[in-house]
Amino acid sequence: NVGYQLRPYNPMCESDRSSLKEICANVYGGTDYVPSVASSYAADPACSFIALTKDGDKVYVDKGDAATIDATDGDDVILAVANYKRLTAQRSAWIEAVRTHPDHQNQGLASTLLHYLVELSRQESENFASTNLLTCTIQSNKGMIRALEKAGFAQRNTIQILSFDKFKELPGWKSDSDETPQSLLDALNLKHLVSPTAKRIASSSWRTIDTEEELLKRLQQCKKQNGSSGYLPGLYEYIVPGNSLHLKRSLEHGLVLGLDPLSLTKTSNSVTDSDAVIFNEEGRVGQAILVLTQDERISSLKSKWVCSIVAHTNLAFEAAMWHANSLDVARRMESFQHRDYNGVDNMTNAKIESSVSPSPFCLVFDDAVPLDPGTLAHSLPRVTDQCVVFSYEHK
């Protein structure tokens, strides 16, 4: 009887690297990002990138911290992997990059990994703050959903993501295209679905969020008051302060913004009575968070920008989309592009002003955004295979 062992993935071992490439060869049509980020997972102290390999005649699962599992020389062949990412700022952990070799699927290997990571999360919850364990998968992945439910996970919510297939159909958006891409609303010809009121909301109503602490506070406010997830949605993940270098750089460049609801009452100059605004019970349009980050996993598109929106009214969502496509945000994105990682300008302000135009970006948004027929949110080309978020609550 062949059993399995769990151990850290070893990026220095050729056998581990080749095994991982073989496991991921047919994922996303051969464009899986996991092999390219495996080394960073292994080096990141916030992550435990775990490999499942054959090991004698029993199943071995170390109940301690993954970092204490004895590393081997890696010559044993990897059959499955998963990454456990600690999201300390939000007292959570995220399971990602769960992959099983195609020749060994439907053998319970994903369940073995999940049970181990649940136990790891339980131990860390006992030693530190309570850890909320999260992960996501696509709706059609019935095998993964069964494994999650078997391990005690329950569906929490969804992340609304626009279709990459549709993006690649837009002129100039594919990575190998010579055409100049239009901004998202222009390329999709959906500007007419942004209400006049949303267009009139002044740029001054959007406050630059400068710190991770302020962003966390805003996310918690949205969760408490508006029923959002409490997390910043990303491409099949949550983007958490403290764990993302790209988010940190966006904070530094003014690309993390919050719609100030106090400036959007009926007495505000930003809107008028003739706009027929539907205010909530407090007389406000509603809160919104708008964040632009870069995601290096994107390889099929010319732009690596991802626009993340948290909102709970159609008006706030439309205002966020309109502002994301504005020249004000385009200038900030252009400035970001022309600074190196030490913050040194590589382009003068005059050149930025003369060359700036709204940039294309991928779009994700919280599922608190209403999807009423005829609205902008409903009309956007979202993925048909929905991204479903699962959580495990320790009892």
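Tutor: One term to begin with: helices (H or I, at least four residues) and strands (E, at least two) are DSSP runs, numbered from the N terminus. This is a predicted model, where local features need pLDDT of at least 70, side-chain atom pairs count only at pLDDT 80 or more, and totals for chains, interfaces and linings use all residues. Residues are numbered from 1 along each chain as its sequence is written, and side-chain values use heavy atoms, with hydrogens and water left out.
Student: Where does C222 lie?
Tutor: C222 lies in helix α8, residues 212–226.
Student: Is C222 buried or exposed?
Tutor: C222 is buried, at a relative accessible area of 2%. Buried means under 20% relative accessible area, exposed over 50%, partly exposed in between (1.4 Å probe, protein chains only).
Student: What does C222 touch?
Tutor: Leaving out residues up to four places away in sequence, C222 touches G227, S228, Q287, I289 and V310. Contact means heavy atoms within 4.5 Å.
Student: And how far apart are the C-alpha atoms of C222 and A368?
Tutor: They are separated by 9.6 Å, with the two residues 146 apart along the chain.
Student: New topic. Which residues of helix α1 are buried?
Tutor: In α1 (residues 14–24), they are S15, D16, S19, L20, I23 and C24. Seen down the axis of α1, these buried residues fall within an arc of 155°, so they line one face of the helix. The arc is that of the directions from the helix axis to the C-beta atoms.
Student: What covers the buried residues of α1?
Tutor: The cover includes β1 (4–8), α2 (34–43), β2 (47–54), β3 (78–87) and β4 (92–100).
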